[in-house]
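Welcome! Please open your viewer, load the model and get ready to select residues as we go.

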Amino acid sequence: GPVVGPGLYRPEGAFYFFLNLKGLVPEAPAGQQQGAFTLQRFLDAGVAIIPGTAFGGADYSHHARLSFSGIEEAQLERALDRITKQVLTGARRAAG
C-alpha cells in the first residue's frame, strides 16, 4: 500500500498495522531478543501485539503487528495514546 509515514503503509483491506519500530523502541539489553523486549514494552502498556519475528524471523525483529479488529475508535485512540506515551518514550505503566 501507499506510504503514509516513516515505516508506515496504508493497509488495503486489512485490520492491522505492521509497524517498523526501529529507532522508536529502544534496543533490547544485551542477551535479550529484540522481539521479546518489544513485546514486553507493549504488554506493560496494556497493549497486545504480535512480534514481527513471527512473520519473517530476525529480519523483522524491530517490527510488530497491532490488530484493531473488533474495537471501537475510542479504544483504539486510548491504545495509541498509551503506545505513544509508554512504549515509544520508555515510560512504564503504573502497577495496579
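What follows is a short tour, one stop at a time.

**Before we start**

This is a predicted model, in which local features need pLDDT of at least 70, side-chain atom pairs count only at pLDDT 80 or more, and totals for chains, interfaces and linings use all residues. Residues are numbered from 1 along each chain as its sequence is written, and side-chain values use heavy atoms, with hydrogens and water left out.

**Stop 1: the whole protein**

The protein has 3 helices and 5 strands, arranged along the sequence as β-β-β-α-β-α-β-α. Here helices (H or I, at least four residues) and strands (E, at least two) are DSSP runs, numbered from the N terminus.

Now show the surface. The accessible surface of the protein is about 6,200 Å², and 54% of that belongs to carbon and sulfur atoms. Such areas come from the Shrake-Rupley method with a 1.4 Å probe, and for residues only the protein chains shown count as cover. Of the 96 residues, 28% are buried. Buried means under 20% relative accessible area, exposed means over 50%, and partly exposed is in between (1.4 Å probe, protein chains only).

How do parts of the chain meet? Take the contacts (heavy atoms within 4.5 Å) between residues at least 6 apart in sequence: 51% of them join residues at least 24 apart.

**Stop 2: helix α1**

Select residues 34-44, which form helix α1. Which residues are buried here? They are Gln34, Gly35, Phe37, Thr38, Arg41, Phe42 and Asp44. The buried residues of α1 pack against β4 (50-51) and α3.

Click on Thr38, which is buried at 3% relative accessibility. Setting aside residues up to four places away in sequence, Thr38 touches Leu21, Val25 and Ile49. Thr38 and Val25 are 13 residues apart in sequence, with 7.1 Å between their C-alpha atoms.

Beyond its neighbours within four places in sequence, Gly35 is in contact with Pro51 and Ser61. If you draw a line between the C-alpha atoms of Gly35 and Ile50, it spans 8.9 Å, for residues 15 apart along the chain.

Before leaving, find Gly46, which follows α1 and has a positive phi, near 80°.

**Stop 3: the aromatic rings**

Show the aromatic side chains. How many aromatic pairs does a search of the whole structure find? It finds 4. Rings of Phe, Tyr and Trp (its six-membered ring) pair if their centres lie within 6.5 Å; planes under 30 degrees apart count as stacked, over 60 as edge-to-face and the rest as tilted.

Select Phe17 and Phe68. Their ring centres are 4.9 Å apart and their planes are at 40°, so this pair is tilted. Phe17 lies in strand β3 (residues 16-20) and Phe68 in the loop between β5 and α3 (73-87), so the pair ties together parts that are 51 residues apart in sequence. Phe17 is partly exposed at 26% relative accessible area, and Phe68 is partly exposed at 23%.

Now select Phe18 and Phe55. With ring centres 5.7 Å apart and planes at 85°, this pair is edge-to-face. Phe18 is in strand β3 and Phe55 in helix α2 (residues 53-56), so the pair ties together parts that are 37 residues apart in sequence.

**Stop 4: strand β5**

Move to His63, in strand β5 (residues 63-67). Is His63 buried or exposed? At 14% relative accessibility, His63 counts as buried. Leaving out residues up to four places away in sequence, His63 touches Phe18, Leu19, Asn20, Pro51 and Gly52.

Then select Arg65 and Tyr16. Arg65 lies over the face of Tyr16, at 5.0 Å from the ring centre. A charge sits over a ring if NZ of Lys or CZ of Arg is within 6 Å of the ring centre and within 35 degrees of the ring normal.
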